[in-house]
Amino acid sequence: MIKFQPNMTYSTRSICDYDTIISVRIAKRTEKTVTDIDGKRYGIKVWDGVEQIMPWGRFSMAPTISADKGVAA
């Protein structure tokens with residue numbers, strides 16, 4: 001399984017606007033949540049062996065950030 005790692009930045013593009021990039025830098029993690037550098041916690045979901053978070057909440061076109069798209073911070 002691909003997991004989120006601390007001190008990594010993960011990002012994705014908006015489904016509505018290609019030029020909008022949503023990024024989250026992970027400060028720490030537990031088995032079920034990750035916390036960004038601002039202290040906001042996100043619940044982890046697993047899809048096809050890859051952890052995912054939804055930083056803007058759950059709605060029809062909400063961005064989803066996957067653990068397989070990270071870069072070292």
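**A close look at Glu51**

A: Leaving aside its neighbours within four places in sequence, Glu51 is in contact (heavy atoms within 4.5 Å) with Met1, Ile2, Lys3, Phe4, Arg29, Ile44, Lys45, Val46, Ile65, Ser66 and Ala67. Before going on: this is a predicted model, so local features need pLDDT of at least 70 and side-chain atom pairs count only at pLDDT 80 or more, while totals for chains, interfaces and linings use all residues. Numbering runs from 1 along each chain as its sequence is written, and side-chain values use heavy atoms, leaving out hydrogens and water.

Glu51 belongs to strand S6; strands here are DSSP runs of E, at least two residues, numbered from the N terminus. With 2% relative accessibility, Glu51 is buried, which means under 20% relative accessible area, with exposed being over 50%, partly exposed in between, and a 1.4 Å probe run over protein chains only. Its side chain gets to the backbone nitrogen of Phe4 at 2.9 Å.

Now to Asp48, in the loop between strand S5 (45-47) and strand S6 (50-53). At 73% relative accessibility, Asp48 is exposed. It isn't a glycine, yet its phi is positive, about 55 degrees. Asn7, in the segment before S1, also isn't a glycine and has a positive phi, near 65 degrees.

Last stop: Asp17, in the loop between strand S1 (8-13) and strand S2 (21-29). Asp17 is partly exposed, at 35% relative accessible area. From Asp17 to Ser60 there are 43 residues in sequence and 15 Å in space, C-alpha to C-alpha.

Conventions
Helices (H or I, at least four residues) and strands (E, at least two) are DSSP runs, numbered from the N terminus. A polar contact is a pair of N or O atoms within 3.5 Å; within protein, one must be able to donate a hydrogen and the other to accept it, and residues adjacent in sequence count only if both atoms are side-chain atoms.
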